[in-house]
Amino acid sequence: MEPPRGALAKLWNFICFLPYFTGLLLLGNIKGVIICPLACLIITVGNSAIILGLWPLHCFWTCYCILRSKQLGPALKLVLVLCMPVPLIFWPVVGIAGSVVGGIAYGFLSPIFATFDAVGEGKTDKFFHCFYDGTWSTVEGSFTIVRDFMDVCFYSYLSYMDDLRHQEPAVGKYHEIRLLYLPGAIIVGALGFMVDMLIISLIALYKSLYMLFKGWHRLFHDLIGREGPFLETICVPFAGLAIILWPLAVVGAVLASMLSSIFLGAFAGVVVYQESSFWLGLCYVMASLAIYDEYSNDILDMPEGSCFPRPNYRRRKAGPPKTSSTATSLYQPASFRRPPSRTVSLKDTIIELKPLELLDGLFDECQRYGESMVPEGLITPQDIEDAKASRGSGVISIGLPTYCLLQVLLRSVKANSMGILLRDNTEVTSANRPKDAIFDWFFNPLLIIKEQIRAENLNEAEEDYLCKLVLLSADPERFKNSYVGPPPEPERKRAELEALARRLRGITKSISRYPTFKRRFDTLVKTLWEDLAKKNIGNKSSGGSRSISRSKSAFGRILSLKSFKGEKANDGSVQESQHAPTDIDIA
């Protein structure tokens, strides 16, 4: 829609917009006030029960994994165990307080946003959805938040702890701490925390007024002239809502600055330890103030520079060696090296993708490939039962998603895509990728692996070998029986394929630790189990549906013999995934 031209047209558009926006805002607030107590109660009670119920487990298992870790030296283990009570005591307090605040914010804001979204372009029966949207969906979303929080506090936590307990030292030597510099690091870290907390909070409060009025000035200017976020009709309600909620954004920015000052100041202790110098730690305390001041000036488009001095707090300026940058450039995708284009027309449609949409697409691929692998015997009934039980299945939980990622990369290579080509021919590039820092942690390494696969120039047999390797490498005996034909030659080629498989499985394991993955994975396993029951695979299926043994409880899993010693297959998958952070070099 073209923005109105002329002062009278702009004024009339503004007058027509106000009652429309005010009515939606009032309706959304009424729904928010009604739904907020229930949503807050569900999130607070659910998350608090999870935190308090798993707190003894977290205390015991964290200390146990630290003491059994092969990466940490004796002195470092002792220091960590002695310091561990502090975060363990603060965790229930911070977690419950965060659940209360998050429940209030979600319960109140979710109905408001749903009300504005109900009148967007392409919506049908807008009058009904204005009243209904954001009511029951907010309640369902509250239960979903509790479910995802449970998965993170239990399954993701255990995965991280298993890595800490089983992972071998990267260079064959465990990490150790120098106790001589520990007192100085603690003193300077505490001093940096106190100084930065006070000064940065004052700077944030001082600049918050500038941020408030400048943001309002820009939003009102765009509203009257139908520019920026007000250009498209569908965005007008949300942009108007941004004007109302802008003070909350400013308050959030101030609170975030105060919170970040804790870590920014405490990092002075790390500088003292790294540089073995008490003086350089004090220099960092002063330099951190200048760093924050300059950064906030850039964000608010204020004059560059800072009124604080910025002394050098490193003995020598660290810089990447030439060999490292040269080696990195060999594996850097062309899409990284190509400068971004600024000539894209506003009329061109760019499909904006979201991380959850891509995750849904990944599980759709898992379901499609899984349903075809069940009749072939690559996925057995035992794999599905293991995936439904607490012990897990390396083939389904890690192997199948990794196999789907590999198929996406192979498809992209064959299509000579600059990004990652999905099955529906949607190309994920740097232009339309989700603007999310967490997504970049996985997207950039996948692009690098795609270029490495392109450089390998795999034939059909090598592709089949790599696909079976990423799927069944947790079970070497099954991999040996499933792959027909000689392994790739020479040995260097085979070693490169095994390294690619380890990196892909490591990326998949990292993805599996994030919220919503476990919930979607359970749905996938249920679908595969139903497909298996329909096709009556297995000798026992002819007599009826197979019974599934009840999984162990959370505490039973931790205290069981398998949890302490680990299964051979699971240990193998853990060892494989550890190569991912060391083998992948992100530019």
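Guide: Welcome! Let's start with a definition: a charge sits over a ring if NZ of Lys or CZ of Arg is within 6 Å of the ring centre and within 35 degrees of the ring normal. This is a predicted model, in which local features need pLDDT of at least 70 and side-chain atom pairs count only at pLDDT 80 or more, while totals for chains, interfaces and linings use all residues. Residues are numbered from 1 along each chain as its sequence is written, and side-chain values use heavy atoms, leaving out hydrogens and water.

Visitor: What makes R178 lie over the face of Y273?

Guide: R178 is 4.4 Å from the ring centre of Y273, and the limit is 6 Å. R178 therefore meets the distance part of the definition. R368 also lies over a ring face, that of Y369, at 4.6 Å from the ring centre.

Visitor: Where is R368 found, and why is R368 called partly exposed?

Guide: R368 is found in helix 11. Buried means under 20% relative accessible area, exposed means over 50%, and partly exposed is in between (with a 1.4 Å probe, protein chains only). R368 has 34%, so R368 is partly exposed. The C-alpha atoms of R368 and L528 are separated by 9.7 Å, although these residues are 160 apart along the chain.

Visitor: How many aromatic pairs are there in the whole structure?

Guide: A search finds 14. One of them joins F154 and Y155, with 4.9 Å centre to centre and 80 degrees between the planes.

Visitor: Why is the pair of F154 and Y155 called edge-to-face?

Guide: Rings of Phe, Tyr and Trp (its six-membered ring) pair if their centres lie within 6.5 Å; planes under 30 degrees apart count as stacked, over 60 as edge-to-face and the rest as tilted. At 4.9 Å and 80 degrees, F154 and Y155 therefore form an edge-to-face pair.

Visitor: Are F154 and Y155 buried or partly exposed?

Guide: F154 has a relative accessible area of 4%, so F154 is buried. Y155 is at 33%, so Y155 counts as partly exposed.

Visitor: What makes Y369 and Y403 an edge-to-face pair?

Guide: Their ring centres are 5.3 Å apart and their planes are at 80 degrees, so the pair is edge-to-face. This pair links distant parts of the chain: Y369 is in helix 11 (residues 355-376) and Y403 is in helix 13 (residues 394-414), 34 residues apart. Both Y369 and Y403 are buried. Elsewhere, ring pairs link F60, W61 and Y64 into a cluster.

Visitor: How do you know that D196 has no salt bridge?

Guide: A salt bridge needs a side-chain nitrogen of Lys or Arg within 4 Å of a carboxyl oxygen of Asp or Glu. For D196, which is buried, the nearest side chain of opposite charge is R310, 12 Å away. (Lys and Arg count as positive, Asp and Glu as negative; His and the chain ends are not counted.) D196 is in helix 6 (residues 182-225).

Visitor: Why is S257 called buried?

Guide: S257 is at 11% relative accessibility, so S257 counts as buried. S257 is found in helix 7 (residues 236-275). Leaving aside neighbours within four places in sequence, S257 is in contact (heavy atoms within 4.5 Å) with I200, A204 and Y292.

Visitor: How many helices and strands does the protein have?

Guide: The protein has 22 helices and two strands. Helices (H or I, at least four residues) and strands (E, at least two) are DSSP runs, numbered from the N terminus.
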